[in-house]
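Reader: Please take a close look at one part of this model and how it packs. I would like one connected account, with cut-offs.

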Amino acid sequence: LSLKAHAQAINNESSSTSKIFTESLLSVIRSSLDLQNPIQAIQFADILLSFYPFHYETLILKGLACERVNKLEDAKNYLKIADFNFQFQQKNLEGMELAKINNLQQMKQ
């Protein structure tokens, strides 16, 4: 089986297995960057992004890896997506906090 097929099988097992899978791939990506192997980092980032297209840390790591192989436009795009995703998540959290406050106010009335 290909690495991607193995990854798919592991990822489908359970949420705890999925978390281990994600952390393991992130570790490989970070190690690849530390060892000056950005092409390998890009390959593993692509696998992780195929499961979680907007995974914040993976987008940043892939952007850094692209920068190291002089794919500067790709690097810029991945970092823009990561930034957009971060801002989107912040707005969602703010919205959830406002909803909680509104619910508490309605319960008091």
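Author: Helices (H or I, at least four residues) and strands (E, at least two) are DSSP runs, numbered from the N terminus. By that rule the protein chain has 5 helices and 0 strands. Along the sequence the pattern reads α-α-α-α-α.

The model is predicted: local features need pLDDT of at least 70, side-chain atom pairs count only at pLDDT 80 or more, and totals for chains, interfaces and linings use all residues. Residues are numbered from 1 along each chain as its sequence is written, and side-chain values use heavy atoms, with hydrogens and water left out.

Start with burial. Buried means under 20% relative accessible area, exposed over 50%, and partly exposed in between (1.4 Å probe, protein chains only). Of the 109 residues in the protein chain, 27% are buried. Contact means heavy atoms within 4.5 Å. Among contacts with a separation of 6 or more, 49% join residues 24 or more positions apart.

Now the core. A nonpolar core is a set of buried Ala, Val, Leu, Ile, Met, Phe, Trp, Tyr and Cys residues joined through side-chain atoms within 4.5 Å. The largest one has 16 residues, and Leu-25, Ile-29 and Leu-48 touch the most other members. Helix 2 (15-34), helix 3 (38-51) and helix 4 (56-68) each give two or more residues to this core. Helix 3 gives the largest share, 7 residues. Leu-25 is in contact with Phe-44, Ile-47 and Leu-48, leaving aside neighbours within four places in sequence.

Next, the helix 2 and helix 3 pair. Axes are lines fitted to C-alpha atoms, for helices over the stretch in contact, and angles run from 0 to 180 degrees between N-to-C directions. These two axes come within 8 Å and cross at roughly 160 degrees. Angles under 35 degrees count as roughly parallel, over 145 as roughly antiparallel, 65 to 115 as roughly perpendicular and the rest as oblique. Helix 2 and helix 3 are therefore roughly antiparallel. A crossing is left-handed if the near helix is turned anticlockwise from the far one by less than a right angle, and right-handed if clockwise. Helix 2 passes helix 3 in a left-handed crossing. Residues that meet here include Phe-21, Leu-25 and Ser-32 in helix 2, and Pro-38, Phe-44 and Phe-51 in helix 3.

A polar side-chain atom of Ser-32 lies 2.8 Å from the backbone oxygen of Val-28. Beyond four places in sequence, Ser-32 is in contact with Asn-37, Pro-38, Gln-40 and Ala-41.

Then helix 4. The axes of helix 2 and helix 4 come within 11 Å and cross at roughly 25 degrees. The two are therefore roughly parallel. Their crossing is left-handed. Among the residues making the contact are Leu-26 and Arg-30 of helix 2, and Thr-58 and Leu-61 of helix 4.

Last, the loop between helix 3 and helix 4, where His-55 is placed. His-55 counts as partly exposed because its relative accessibility is 22%. Its side chain joins that of Thr-58 in a polar contact of 2.7 Å. Not counting residues up to four places away, His-55 touches Thr-22, Leu-26 and Leu-49. The C-alpha atoms of His-55 and Thr-22 are 9.7 Å apart, across 33 residues of chain.

Note on methods. A polar contact is a pair of N or O atoms within 3.5 Å; within protein, one must be able to donate a hydrogen and the other to accept it, and residues adjacent in sequence count only if both atoms are side-chain atoms.
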